[in-house]
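Dear colleague,

Please find below the structure that I am handing over to you.

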Amino acid sequence: MKLYTAQRAPNPRRVTMFMAEKNITQISLVEVDLNALEHKGEVYRAKSPLAKVPALELDDGR
Ligand SMILES: N[C@@H](CCC(=O)N[C@@H](CS)C(=O)NCC(=O)O)C(=O)O
């Protein structure tokens, strides 16, 4: 599984804090560059149409 995140954004930060608290290490973190508007691009929108972080991608692609 992958968690799309952005280091300085509070919403994904909340998720990574809970992951650390619960010792969840099997989820890969993928940094999305909000400053470069990467989340507004076609590639990211195909994964997360609302164009927000965090977004979780399951191993089966959902
Ligand atoms: N309800 C959503 C809100 C996510 C959200 O607003 N994320 C912000 C970062 S903290 C974001 O992606 N902002 C980029 C934008 O709105 O363009 C959640 O909690 O996951």
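Which side chain meets that of Glu-57 in a salt bridge? The partner is Lys-47, with 3.5 Å from N to O; a salt bridge here is a side-chain nitrogen of Lys or Arg within 4 Å of a carboxyl oxygen of Asp or Glu.

Before the details, two remarks on the source. This is a predicted model, in which local features need pLDDT of at least 70 and side-chain atom pairs count only at pLDDT 80 or more, while totals for chains, interfaces and linings use all residues. Residues are numbered from 1 along each chain as its sequence is written, and side-chain values use heavy atoms, with hydrogens and water left out.

Salt bridges

Helices (H or I, at least four residues) and strands (E, at least two) are DSSP runs, numbered from the N terminus. Glu-57 is buried at a relative accessible area of 16%, whereas Lys-47, at 43%, is partly exposed. For these words, buried means under 20% relative accessible area, exposed over 50%, and partly exposed in between (1.4 Å probe, protein chains only). The count of salt bridges comes to two. Asp-60 and Arg-62 also form one, their closest N and O atoms being 2.8 Å apart, and both of these residues are exposed.

Strands and their pairing

Strand E1 pairs with E2 in the parallel sense over four bridges; two strands pair if DSSP finds at least two bridges between them. Tyr-4 stands opposite Val-30 of E2. Together with helix H1 (residues 10–21), E1 and E2 make a right-handed β-α-β unit. Right-handed means that, with the strands pointing away from the viewer, the path from the first strand over the helix to the second runs clockwise. E1 is also joined by three bridges to E3 (residues 55–57), and these two strands run antiparallel.

Lys-2, in strand E1, has Glu-57 of E3 as its bridge partner. Lys-2 is partly exposed, with a relative accessible area of 37%. Beyond its neighbours within four places in sequence, Lys-2 is in contact with residues including Ile-27, Val-30 and Ala-55, contact meaning heavy atoms within 4.5 Å.

The aromatic pair and the core

A search of the whole structure finds one aromatic pair. Tyr-4 and Tyr-44 form this edge-to-face pair, at 5.7 Å centre to centre and 70° between the planes. Rings of Phe, Tyr and Trp (its six-membered ring) pair if their centres lie within 6.5 Å; planes under 30 degrees apart count as stacked, over 60 as edge-to-face and the rest as tilted. The pair links strand E1 (residues 2–5) with helix H2 (residues 42–47), its members being 40 residues apart. Tyr-4 counts as buried at 6% relative accessibility, and Tyr-44 counts as buried at 5%.

Both tyrosines belong to the largest nonpolar core, which has seven residues, among them Val-32, Val-53 and Ala-55. Such a core is a set of buried Ala, Val, Leu, Ile, Met, Phe, Trp, Tyr and Cys residues joined through side-chain atoms within 4.5 Å.

His-39 lies in the loop between E2 (28–31) and H2 and counts as buried at 10% relative accessibility. Its contacts, leaving aside neighbours within four places in sequence, include Tyr-44 and Ala-51.

Yours sincerely
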